[in-house]
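Please examine the sequence and the structure shown below. The paragraphs that follow lead through a few of the side chains and their surroundings.

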Amino acid sequence: SLSLSLSLSPPPPSAILSADSVQLYDELTVGANKPTPSELSAAPHLFVGGQPLNSSRDDEGSSTAMKWLSGASFALASPAAGPGVHPRVVCGGGAVYIYWLFN
């Protein structure tokens, strides 16, 4: 859970990278187990919200597993992104995205 991720994150809270394919979409809140507003304010969250559901087709504005993998790989490899932005915790979703990220 994201609460557990916050407790595991080294101080100050580093960014939490969501590996959940549903949490990315702005309109999907019921059943998506998105972080609460207080959890979102406790640490930066990457790949939570920010993607409109109507752009899920594979075009320029879409989100695909490959785009997530590219963005997540960049975030993990880029500590220069700034304090609190370099994720040290990856959580959420099924194990497939996490498997792709580390294998």
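F47 is partly exposed, with a relative accessible area of 23%; buried means under 20% relative accessible area, exposed over 50%, and partly exposed in between, using a 1.4 Å probe and protein chains only. The model that contains this residue is predicted: local features need pLDDT of at least 70, side-chain atom pairs count only at pLDDT 80 or more, and totals for chains, interfaces and linings use all residues. Residues are numbered from 1 along each chain as its sequence is written, and side-chain values use heavy atoms, with hydrogens and water left out.

A search of the whole structure finds three aromatic pairs. Rings of Phe, Tyr and Trp (its six-membered ring) pair if their centres lie within 6.5 Å; planes under 30 degrees apart count as stacked, over 60 as edge-to-face and the rest as tilted. In one of the pairs, the ring centres of F47 and W68 are 6.0 Å apart and the planes stand at 55°, so this pair is tilted. The two residues come from distant parts of the chain, 21 residues apart: F47 is in the loop between β2 (45–46) and α3 (65–77), while W68 is in helix α3. Helices (H or I, at least four residues) and strands (E, at least two) are DSSP runs, numbered from the N terminus.

W68 is buried, with a relative accessible area of 4%. The ring of W68 also pairs with that of Y97, with centres 4.7 Å apart and planes at 35°, so this pair is tilted. Because W68 lies in helix α3 and Y97 in helix α4 (residues 95–102), the pair ties together parts that are 29 residues apart in sequence. Y97 counts as buried, at 15% relative accessibility. Through ring pairs, F47, W68, Y97 and W100 are linked into a cluster.

Where does Q23 lie? Q23 is found in the loop between β1 (15–18) and α2 (37–42), and Q23 is buried, with a relative accessible area of 3%. A polar contact is a pair of N or O atoms within 3.5 Å; within protein, one must be able to donate a hydrogen and the other to accept it, and residues adjacent in sequence count only if both atoms are side-chain atoms. The side chain of Q23 makes such a contact with the side chain of S18 (2.8 Å). The side chain of Q23 also reaches the backbone oxygen of N33, at 2.8 Å.
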